[in-house]
Amino acid sequence: MPNLPFLSLDFQHRLIERDLKSAFSQALKKGNFILGDQVNLFEREFANYHESKYCVGVGNGHDALLIALKTLGVGAGDEVIVPSHTCQATWLAVMNAGAKPVAAEVDPATYTIGVKQIEDQISKRTRAIIPVHLYGYPCEMDKIMAIAKKHHLLVVEDNAQAHGAIFKNRMTGRWGTINATSFYPTKNLGALGDGGAILTNDKKLGDLANTFRNYGSNKKGVHSTQGFNSRLDEIQAAVLRIKLKKLNEWNEMRTRNAELYFDELNNVGDLRLPPQATDIARPVFHLFVIQTAHREKLKKFLSKNGLGTSVHYPIPVHLQPAYSHLSYKKGSLPIAEGLAKTVLSLPIYPGLKKGQIETICEAIKSFF
Ligand SMILES: *Cc1c(COP(=O)(O)O)cnc(C)c1O
C-alpha cells in the first residue's frame, strides 16, 4: 500500500540543501540577524520578480495584510470587502486593523471573489477590497480595479497562495494599491518558518509600511507612528532568496501535476475540477481542489488506501466561534458553506511523481 502524504517539502529541500547550509553558516558568521543585507536583497529581488517598485519583508502573511491596511489608514468605522471563502487570516487582519470584514460570495467555479458580489456589498463605509487569489487562481483583477476606481476604494491583494500567477500579462500581487503575501512554509514560495511581504509601487506607502513593521520607526530612536514588531529575519530572507530562483520551475511542476489530474479525473463521478488556465489567467496551483458531494467518504477511502488529502477549509470563516460578533448566521453565505462541505485538496507539490498521481486518480475512480 502506498504511503503518500498530502504534502512533502523533501524534494525542494534536498535540491537546495547545500545552498541552505551555506546560507546558515554565512548568517552565523555575520551575526546580524535582523534587518540586514539578506532582507534588503530579498526585498529587491522579490519586487523585481513582480516588476513592482517596493517590497517590505514582514513577520508573516497576517501581518503583511494588517500592515498594508494600517498603511492605507484603514481602521475603526471602515468596512473592508473580503471573500466569503478564504483562509481566515484574511478576515482576522481586517479585524485586527480595527475595521469590519464584509463578505462577498465567491464564484464556485473559480473559488475567487465574485465581481458582481463585491459591488452588492459596497456601502458608505466601504474603504477597501481584499481579493484573494485562492488556491493559486487569479481573481479578475481588471474588473476589480475598475470597481474600486468607480467607488473610490483601495485594493489590497492577498497573494499568499499565488506567487507567480499571472492575470492579463501582469503578476498577481502587483495590481492593488498595496499588496500582501505570506511565506508560510507550505506556500509556493515558503520560508523555513514564518515570513511575509508587502509590495507596492507607491513610495510613500512603501516607506510607511517599512516604518510600521519596525516599532513605527525608520530612524533609529525616533518613533513617528504606533507600529508593530513584524520583521522578516535575515535567515528566512536568505532562504527565500535561494527558493525564489526555483519558484518558476516549481510552479511549472505544479502545473504539470495539475494537467495529469485534469486528464485523469475528467468525468469521474460527480467531481467538479478546479479552473484551468485561460488566455488571460495563468494559475500556479498552490492547491488542487476538487468538489464532490461525497467528500467525507472519499477522504476516508483515500486515507485507508494510504493517500493523504486535506480540506481548505472545513468551517467557513463566518461560522467560526471567534467571529460570532459579526452576526453572520448559518445559511447567510450559502456558497461558502457549500464549499466547506464539498472541497477536497489533492497532493500537488513539486516532486510528486506521475505514477503517484496516477495511483491517486485510480483510487478516486475505484471509489466512484
Ligand atoms: C497563508 C495565508 C495567509 C496568512 O499567512 P500567515 O503567514 O500564516 O500569517 C493569508 N491569506 C491566505 C489566503 C493564506 O493562504
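In which loop is the place of F285? F285 is found in the loop between β10 (281-282) and β11. Helices (H or I, at least four residues) and strands (E, at least two) are DSSP runs, numbered from the N terminus. The model is predicted, so local features need pLDDT of at least 70 and side-chain atom pairs count only at pLDDT 80 or more, whereas totals for chains, interfaces and linings use all residues. Residues are numbered from 1 along each chain as its sequence is written, and side-chain values use heavy atoms, with hydrogens and water left out.

F285 has a phi near 45°, a positive value in a residue other than glycine. Most residues other than glycine have a negative phi, and most peptide bonds are trans. With a relative accessible area of 6%, F285 is buried. Buried means under 20% relative accessible area, exposed over 50%, and partly exposed in between (1.4 Å probe, protein chains only).

F285 also belongs to a cluster. Ring pairs link F285 with Y261, F262 and F288. Rings of Phe, Tyr and Trp (its six-membered ring) pair if their centres lie within 6.5 Å; planes under 30 degrees apart count as stacked, over 60 as edge-to-face and the rest as tilted. The structure holds 14 aromatic pairs. One of them joins Y111 and Y135, with ring centres 4.7 Å apart and planes at 70°, so this pair is edge-to-face. Y111 lies in the loop between β3 (100-104) and α6, and Y135 in the loop between β4 and α7, so the pair ties together parts that are 24 residues apart in sequence. Both Y111 and Y135 are buried. The rings of F262 and F288 are also paired, with centres 5.2 Å apart and planes at 65°, so this pair is edge-to-face. F262 sits in helix α10 (residues 247-265) and F288 in strand β11 (residues 288-291), so the pair links distant parts of the chain, 26 residues apart. F262 is buried at a relative accessible area of 9%. F288 is buried as well, at 0%.

Helix α10 also holds N251. N251 counts as buried, at 5% relative accessibility. Leaving aside residues up to four places away in sequence, N251 touches Y49, H163, G164, N188 and V284. Contact here means heavy atoms within 4.5 Å.

Two rings lie under a charge. The charged end of R170 sits over the ring of W175, 4.3 Å from its centre. The charged end of R231 sits over the ring of Y215, 5.2 Å from its centre. For this label, NZ of Lys or CZ of Arg must be within 6 Å of the ring centre and within 35 degrees of the ring normal.

Helix α7 (residues 141-150) has M141, I144, I147 and A148 buried. These residues cover an arc of only 125° around the axis, which puts them on the same side of α7. The arc is that of the directions from the helix axis to the C-beta atoms. The buried residues of α7 pack against α6 (115-121), β4 (126-129), β5 (154-155) and β6 (166-167). The face turned away from the buried side carries the exposed residues K149 and K150. H152 is exposed, with a relative accessible area of 72%.

The ligand has 13 residues around it, of which G61, D158, Q161, S182 and K187 come nearest. A residue is near a molecule or strand if one of its heavy atoms lies within 4 Å of it. Polar contacts, pairs of N or O atoms within 3.5 Å, are also present; within protein, one atom must be able to donate a hydrogen and the other to accept it, and residues adjacent in sequence count only if both atoms are side-chain atoms. An N or O atom in the side chain of D158 is 2.7 Å from a nitrogen atom of the ligand. A polar side-chain atom of K187 lies 2.7 Å from an oxygen atom of the ligand. H62 places a backbone N or O atom 2.8 Å from an oxygen atom of the ligand.

The peptide bond from H312 to Y313 is cis, with omega near 15°. Y313 lies in the loop between α11 (295-304) and α12 (334-342). Helix α11 includes K297, which counts as exposed at 63% relative accessibility. K297 and F367 are 70 residues apart in sequence and 9.0 Å apart in space, C-alpha to C-alpha.
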